[in-house]
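This note is meant for a colleague who is meeting the structure for the first time. Please read the points below with the sequence and the model in view.

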Amino acid sequence: MADSSTSATSLEEDLEVVLQRLRTAVHEEAWEDLPELDLQARGLIEEAFGSAPRLADASGARSRAALEALSEFYRETVPEIEQRRRAALEEIKGLRAGRKGVNAYQAARRTG
């Protein structure tokens, strides 16, 4: 996405693009892409509430709809991602415990 100061696109278009990229990253489990996309979204949100947003729709209806869609995405997705994160952590803990057990068994076999 281009820098907003040199971009020929509207704020609404940029919001829609970043939302689609966020959805794609979550769907494809491209977790490494989420921090940068989140920063982009936050920057666009700040711009939307700034003094001179790049609006395509002077009434603000399209930007409001784009911001609401982004908000809904976060409301639905953040808990899901947190749940996946917790599940992954539990799986890692289980793998570590299993590895410790294997190491202890192997150590006992070597000494015994």
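1. Confidence. The model is a predicted one. Its pLDDT averages 87 over the chain, and 93% of the residues score at least 70. Residues 1-6 are a stretch with pLDDT below 50, and beyond near neighbours in sequence this stretch has nine contacts in the model.

2. Packing of H1 on H2. Helix H1 spans residues 11-27, and its axis lies 10 Å from that of H2, at an angle of about 155°. This angle makes H1 roughly antiparallel to H2, because angles over 145 degrees are classed in that way. The crossing of H1 past H2 is left-handed.

3. Residues between H1 and H2. On the H1 side, the contact is made by Leu11, Asp14, Leu15, Val18, Arg21, Leu22, Ala25 and Val26. H2 contributes Leu34, Leu37, Asp38, Gln40, Ala41, Leu44, Glu47 and Ala48. By class, the residues of this contact divide into eleven nonpolar, one polar and four charged.

4. Packing of H2 on H3. Helix H2 covers residues 34-48 and helix H3 residues 61-111; their axes come within 12 Å and cross at roughly 145°. Here too the crossing is described by its hand: H2 passes H3 in a left-handed crossing. From H2, the residues Leu34, Asp38, Ala41, Ile45 and Ala48 meet Leu67, Leu70, Tyr74 and Ile81 of H3. This contact has eight nonpolar residues, no polar residues and one charged residue.

5. Glu29. Although Glu29 is not a glycine, it has a positive phi of about 55°. Its relative accessible area is 46%, so Glu29 counts as partly exposed.

6. Ser63. Leaving aside residues up to four places away in sequence, Ser63 touches Glu12, Leu15 and Leu55.

Terms used. Residues are numbered from 1 along each chain as its sequence is written. This is a predicted model: local features need pLDDT of at least 70, side-chain atom pairs count only at pLDDT 80 or more; totals for chains, interfaces and linings use all residues. Side-chain values use heavy atoms; hydrogens and water are left out. Axes are lines fitted to C-alpha atoms, for helices over the stretch in contact, and angles run from 0 to 180 degrees between N-to-C directions. Helices (H or I, at least four residues) and strands (E, at least two) are DSSP runs, numbered from the N terminus. A crossing is left-handed if the near helix is turned anticlockwise from the far one by less than a right angle, and right-handed if clockwise. Contact means heavy atoms within 4.5 Å. Ala, Val, Leu, Ile, Met, Phe, Trp, Tyr, Cys and Pro count as nonpolar, Asp, Glu, Lys and Arg as charged, and the others, Gly among them, as polar. Angles under 35 degrees count as roughly parallel, over 145 as roughly antiparallel, 65 to 115 as roughly perpendicular and the rest as oblique. Buried means under 20% relative accessible area, exposed over 50%, partly exposed in between (1.4 Å probe, protein chains only). pLDDT is the predictor's confidence in each residue, from 0 to 100.
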